[in-house]
Amino acid sequence: MSISARFSLLIALAIVLMGIVSGLTTASRDYSTQLSVVTGRVESELLSHPDLQFAIYGADTQRLKTRLDEFLREDSSASAQVYNGQGKMLVSAQRPDATAFTPAAFNLIRRSLLPGDPGLLSFDSSTGTPQETGFSSALFDPDAPIYQTLPVFTEVNTGKTGLSATDFAIAMTMKPSSSSQRIIGYVQVLWDPSVLRSKAIAAGTRVLMINVVFALMCGAIAWAFTYRVTRPLRELANIADSIASGQVKEPIKVQGSGEIQEIARLFNSVIEGLSDSKKVHEVDKRLLSLKVEERSSQLSERNVELNKVVEEANEAKNRAHHLANYDNLTSLPNRRLLTEQLDLLLKLNQRSGHTLALLFIDLDDFKRVNDSLGIGAGDQLLVEVARRLSHAVRDSDSVGRYASSNTEIDVARLGGDEFTVILNQLDTAGSAQLVAQRLVQKLTAPLAIQGRDLVLHPSLGIAIAPNDGKDVESLLKAASIAKFHAKQTDGARIGIYQSNMAQEGEDRLRLESDLRKAVKSNALSLHYQPQIDTHSGSVLGAEALLRWEHPELGSIPPEKLITLAEDIGLMGQLGDWVLVQACQQLRSFEDEGIKLAKVAINVSAEQFTPTFIQRVGVVIDETGIDPRQLELGLTEAVMSSNDPETIASLALLKASGVYLSVDDFGTGYSPINYLAQYPLDEIKIDRSFLIDAEKSDNGANLVIAIIAMAKSMELRVLASGVETESQFHFLTRNGASLIQGYLFSKPVPAEELKPMLAPWHFVDRVQKLADSAP
């Protein structure tokens with residue numbers, strides 16, 4: 001093909017290509033313009049009909065049907081629908097001459113949009129995934145309708161009932177306030193992309209045809225002009241071909257004008273440098289190839305690194321979201337996410353008038369398991385409870401059947417052993433109690449923790465919205481009060497909130513506040529119960545017991561005081577106070593010349609930390625007592641941890657001279673082998689074993705076995721809670737000579753303890769008891 005022909009063809013092809021691009025651009029622009037115009041008209045039409053607010057509120061299908069016909073005036077519209085604020089379709093209209101599309105689910109269309117945002121989107125007709133609404137989508141997928149959804153706002157508080165058209169008219173005359181606007185519903189129009197596409201293609205085709213005609217004209221003119229100009233150059237072109245193929249190695253001579261001669265000279269220069277150029281070209285080509293390979297390898301490595309960084313960033317984002325909204329141990333929603341979800345559900349239910357129930361659950365014996373078996377066992381217990389609750393609320397046969405088919409049920413962990421269950425859109429308020437009963441049944445089924453079969457004792461409180469609370473805080477408070485009431489009621493597992501329970505909750509809060517003030521103002525006291533050696537009748541020690549004399553309520557029972565302190569996190573502070581007061585009392589006795597061999601204080605697993613170990617040494621040094629005068633009564637939870645840190649701490653205390661004992665031995669779940677592992681001095685037999693010993697031979701044999709085991713391990717045995725002569729005789733007959741209990745003395749203030757510390761104070765009492773032995 002000649003140069004002129006190629007040049008003409010290139011010009012024509014370039015113009016045709018530009019025409020195709022122009023045609024496509026014109027079609028795309030025309031499509032976008034049409035879509036923008038028709039959607040804008042719908043928005044204008046929506047604003048021109050403010051009466052839609054009242055029609056949606058009243059679900060007036062006739063009026064809504066009339067308004068939808070006005071939205072379907074455009075020939076590109078297919079159908080239109082009206083939804084209420086909860087996404088329920090109120091009315092739908094179809095354009096008679098349009099394609100009949102089946103609308104997608106409303107929550108699928110709106111899922112990526114904020115409630116107040118307008119939406120314009122389409123879905124792939126084959127996969128159902130969202131896609132662009134541009135010309136390309138209409139060109140390749142004309143069967144996928146375009147969804148235009150517009151929110152309908154109102155200034156009227158639609159949470160109220162009995163609103164009239166006058167209320168909406170008054171609200172429309174007021175100055176709009178974005179803070180008070182509410183979404184009352186949505187208008188949706190389905191556009192047929194094939195209609196818009198046809199008009200757009202027609203416009204693009206016109207532009208393309210104009211460009212084709214123009215290309216043909218330009219090609220003809222260019223061919224005629226270049227043929228005349230390039231005719232003298234054809235000879236040089238042939239020579240150039242020969243030079244390129246290496247056939248011409250000598251300088252050439254051609255006839256022609258000055259320009260031709262100049263070109264000939266250039267060709268001769270090319271021929272002269274061709275040989276050297278080929279060599280240089282080969283070298284450069286090789287170097288370039290190596291450089292390209294090196295750079296490609298670097299880019300590939302960099303791409304892998306970037307992909308890894310993006311993946312790590314996404315993982316970190318997901319982890320941060322999970323940590324912020326979910327509990328690390330159970331993977332349930334945490335208090336933060338629960339508050340957000342519950343607040344949203346309460347607002348939706350207030351608008352729709354539905355009933356919601358909040359169930360507040362905790363475990364009465366969680367602390368006992370935690371103290372006896374250790375924190376690890378407590379964590380396993382919480383995970384199992386979370387699993388049972390989650391399984392129960394997903395089991396439609398056991399829970400879901402008590403609520404409507406649209407009920408949303410969710411489980412969350414507030415912290416510690418506290419869980420919540422949300423029952424949304426209940427058929428009746430009474431259904432919540434049926435669900436609660438099934439949950440209690442699930443939770444009380446036996447479970448295995450560290451090889452032991454345990455039975456949980458949950459307490460559950462129920463609060464109903466909006467009767468018991470219209471916001472998150474008040475509803476949680478009501479459910480918590482109901483749960484606390486169930487916990488305080490013997491035999492109850494489920495508490496339903498009543499208005500009179502609020503006073504009990506306030507009394508509980510007042511008592512918690514008073515306890516905090518009592519700790520700060522040093523208003524607590526210690527009473528001491530002597531420990532008697534039945535061989536000599538002497539006092540070998542005394543147990544320090546915490547007491548609180550409330551200014552209005554009088555003496556608070558020790559069990560209630562300890563439970564209250566544990567619930568509000570004061571045990572650490574109270575434990576330190578008891579340690580200091582007991583050691584100071586020992587010092588005071590010494591200064592008065594009164595000898596008390598030792599004072600025992602109880603230490604919980606929560607207290608037993610490295611900081612506490614250091615604190616014991618500091619208090620002993622500050623008060624100047626003999627370390628052997630201090631006895632630490634450790635719970636079995638301390639023993640069950642079996643970690644190197646606990647063993648080292650106990651060894652350190654033992655080396656310092658502190659007396660170590662196990663408090664309430666055998667009442668927990670701890671393995672008995674800790675007696676051989678830890679440096680202990682004494683075990684205390686709990687009062688419950690003595691009661692069992694009087695009831696059955698098995699109970700008596702168990703106490704005898706404990707005494708024998710302790711003696712074989714060279715451990716002292718103290719029987720606490722001894723109240724009757726028969727218990728005294730049983731213990732002394734079987735080798736337990738160290739006794740503490742009301743049989744000899746109740747816990748008394750330090751001043752009343754002083755006379756009991758005199759030598760032989762209890763000799764007569766012990767002798768009389770020994771003489772009365774059967």
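A residue is called buried when its relative accessible area is under 20%, and T330, at 12% relative accessibility, therefore counts as buried. The structure described here is a predicted model, and its secondary structure comes to 26 helices and 22 strands. Of the 774 residues in the protein, 43% are buried. Where contacts join residues at least 6 apart in sequence, 68% of them link residues at least 24 apart.

**T330 and its surroundings**

- T330 is placed in the loop that runs between α9 (258-325) and α10 (335-352), and the side chain of this buried residue makes a polar contact with the side chain of D327, at 2.7 Å.
- When neighbours within four places in sequence are left aside, the residues in contact with T330 are L382, V383, A386 and R413.

**The nonpolar cores**

- The largest nonpolar core holds 85 residues, and those with the most contacts inside this core are L515, L632 and L731.
- Helix α17 (residues 571-591) supplies the largest share of this core, which amounts to 10 residues.
- Another core, which lies apart from the largest one, has 34 residues, among them L332, L382, V393 and V411; L382 is also one of the residues in contact with T330.

**Helix α24 and what covers it**

- Helix α24 (residues 725-733) has as its buried residues Q727, F728, H729, F730 and L731, and L731 is also among the residues with the most contacts inside the largest nonpolar core.
- The cover over the buried residues of α24 includes the helices α22, α23 and α26 (763-771), together with the strands β21 (716-720) and β22 (738-740).
- For L731 itself, leaving aside neighbours within four places in sequence, the contacts are with L690, V703, I707, A719, V722, A736 and I739.
- Just after α24 comes G735, whose phi is positive, at about 95°.

**Two pairs of packed helices**

- Two packed helices are described by the angle between their axes together with the distance between those axes.
- Helix α18 (residues 610-623) and helix α20 (residues 644-656) have axes that come within 11 Å and cross at roughly 5°; since angles under 35 degrees count as roughly parallel, α18 is roughly parallel to α20.
- In this pair, P610, I613 and V616 of α18 make the contact with E645, S649, L652 and L653 of α20, and by class the contact has 5 nonpolar, 1 polar and 1 charged residues.
- Helix α22 (residues 687-695) packs against helix α23 (residues 697-712) at an angle of about 130°, and their axes are 6 Å apart; this angle makes α22 oblique to α23.
- Here F689, D692 and A693 of α22 meet G699, A700, L702, V703 and I706 of α23, and by class this contact has 6 nonpolar, 1 polar and 1 charged residues.

**Strand β16 and G554**

- G554 is placed in strand β16 (residues 554-556), and with a relative accessible area of 18% this glycine is buried.
- Once neighbours within four places in sequence are left aside, G554 is in contact with W548 and E549.

**Backbone features to look for**

- The peptide bond that leads from A465 to P466 is cis, with omega near 10°, and P466 lies in the loop between β12 (458-465) and α14 (472-488).
- A59, found in the loop between α2 (52-57) and α3 (61-71), has a phi near 55°, which is a positive value in a residue other than glycine.
- With 40% relative accessibility, A59 counts as partly exposed, a class that lies between buried, under 20%, and exposed, over 50%.
- Q425 also has a phi near 55°, again a positive value in a residue other than glycine, and Q425 has its place in strand β9 (residues 418-426).

Methods: Residues numbered from 1 in each chain as written. Predicted model: local features only at pLDDT ≥ 70, side-chain atom pairs only at ≥ 80, totals over all residues. Heavy atoms only, no water. Helix = DSSP H or I, 4+ residues; strand = E, 2+ residues; numbered from the N terminus. Buried < 20%, exposed > 50% of the residue type's maximum accessible area, 1.4 Å probe, protein only. Polar contact = N/O pair within 3.5 Å; in protein donor to acceptor, adjacent residues only side chain to side chain. Contact = heavy atoms within 4.5 Å. Core = buried A, V, L, I, M, F, W, Y, C linked by side-chain atoms within 4.5 Å. Axes fitted to C-alpha atoms, helices over the stretch in contact; angles between N-to-C directions. Parallel < 35°, antiparallel > 145°, perpendicular 65-115°, else oblique. Nonpolar A, V, L, I, M, F, W, Y, C, P; charged D, E, K, R; others polar.
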